[in-house]
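Me: I would like to learn how to read helix packing and nonpolar cores in a model. Please take me through one case.

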Amino acid sequence: MSAVDDAVATAFREEWGRIVATLIRVTGDWDLAEECAQDAFATALKTWPGSGVPRNPGAWLTTTARHRAMDRLRRSAVGAAKLQEVARTAEGEGAVQTAGDESGIADDRLRLIFTCCHPALALEARVALTLRTLAGLTTVEIARAFMVSEETMAKRLVRAKQKIHDANIPYRVPPAHLLPERTTAVLGVLYLLFNEGYSATAGADLVRSNLCAEAVRLARTLTTLMPDEPEPLGLLALMLLHDARRAARLDESGDVVTLEDQDRTLWVGSEIEEGVGVLDEALSRHRPGPYQVQAAIAACHATARNVGETDWAEIVGLYDQLALYLPSPVVQLNRAVAVAMAEGPVAGLALVEELERSGSLSAYHLLPATRADLLRRLGRNAEAATSYRQALELAGTGPERRFLTRRLEETAGASL
């Protein structure tokens, strides 16, 4: 990859959401905003090799995209009135119109999230649309996150945009009395945004640090907007506790390092301390919820000196509580891992095989990967190798595939 290609890729990761959010605000057209943002990045690939990478790539891309939008509107009779509004928008980077927004939060990206999370939209459509427009995730990546086909997800995205247009849903952070009806969806969006950064569904990189940072930033803003609500605090705590361990998850070659083998001196103590403090603040409200429970699980991991000193029985109990809020097969799989650590691999394997028989996680690579690991710990290497092959077929990122390949080679060789 050339220096320009690398600069454009970095700008996309860091600036896509900001550019699209700005264009949606000034044009009111979601498809136009995405198309003009894409045009700006394409133009950068053509012009930066000759002119050089600009000092502020984000500002250059935003201006280019805005000019492209104005040109498109100028050629459209329907866009004539909107063009006047665009022309009045300040050209400086970060200029924000706050008229009609009672929240006082001057953040286009947070406005975008709340617009996407309008109650007129189905919950999954709200989350998927935000991941597409704010994070720049592809339809394939979002489909993998929801475990549905690409075609199904594409249709959901089209319907969601059309609904926003037809219902004339305003682009704003709503007033305080309307916030609760959107809180669940907004938290879900931020959680999935962080997860896609922390453990990508596909691609060369397992970790996408920019998405983690953006999710944490927006979660902080949300806690400011809703200071008395415990679940936004719980989500922020969860993110901080996970993010604190991010640097230790990959080695110098970019390969996966399991929790057991991670160098805990690489964990960021200040983030762990802050995360525990935020969690305590959330729990003091005495209104527990799923994000607070997940943050408590993360705190058990983050505050233990090593895997052996981790309170696995406490984690099993917390997963039991989490299952009351989120009765999902993924939660059950994570609980099975905790049971295996607390009671032994035989107990965990029984739970994993029960999940396998249900078929609910047939496309989820961590199910056969977990089964393979438990079989390996039991010395059943031939069976473990078979499960590692199954996981390898489903894994979506390079680091995960390399890790599974190494495990497969180890177990296949040991079984001979």
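Reply: This is a predicted model. Start with handedness: H2 crosses H3 in the right-handed sense.

Me: At what angle do H2 and H3 pack, and how far apart are their axes?

Reply: Helix H2 (residues 30-51) and helix H3 (residues 57-74) pack at about 125°, with axes 8 Å apart. Angles from 65 to 115 degrees count as roughly perpendicular and those over 145 as roughly antiparallel. H2 and H3 are therefore oblique to each other.

Me: Which residues of H2 and H3 meet?

Reply: On the H2 side they include Leu32, Cys36, Phe41, Ala44 and Trp48, and on the H3 side Trp60, Leu61, Ala65 and Leu73 are among them. By class, the contact of H2 with H3 has 13 nonpolar, 3 polar and 4 charged residues.

Me: How do the axes of H1 and H3 cross?

Reply: Helix H1 (residues 3-27) and H3 cross at roughly 35°, and their axes come within 10 Å. This crossing, too, is right-handed. H1 contributes Ala11, Glu15, Ile19, Thr22, Leu23 and Thr27 to the contact, while the H3 residues include Pro57, Leu61, Ala65 and Ala69. The contact of H1 with H3 divides into 8 nonpolar, 4 polar and 2 charged residues.

Me: Which residues have the most contacts inside the largest nonpolar core?

Reply: Leu23 and Leu190 do, in a core of 102 residues. H1 supplies the largest share of this core, 11 residues. Beyond its neighbours within four places in sequence, Leu23 is in contact with Gly28, Ala33, Cys36, Ala37, Ala65, Arg66 and Ala69. Another core, of 23 residues, lies apart from the largest one, and Leu349, Val352, Ala395 and Leu408 are among its members.

Key
Residues numbered from 1 in each chain as written. Predicted model: local features only at pLDDT ≥ 70, side-chain atom pairs only at ≥ 80, totals over all residues. Heavy atoms only, no water. Axes fitted to C-alpha atoms, helices over the stretch in contact; angles between N-to-C directions. Helix = DSSP H or I, 4+ residues; strand = E, 2+ residues; numbered from the N terminus. Parallel < 35°, antiparallel > 145°, perpendicular 65-115°, else oblique. Left-handed = near helix turned anticlockwise from the far one by under 90°. Contact = heavy atoms within 4.5 Å. Nonpolar A, V, L, I, M, F, W, Y, C, P; charged D, E, K, R; others polar. Core = buried A, V, L, I, M, F, W, Y, C linked by side-chain atoms within 4.5 Å. Buried < 20%, exposed > 50% of the residue type's maximum accessible area, 1.4 Å probe, protein only.
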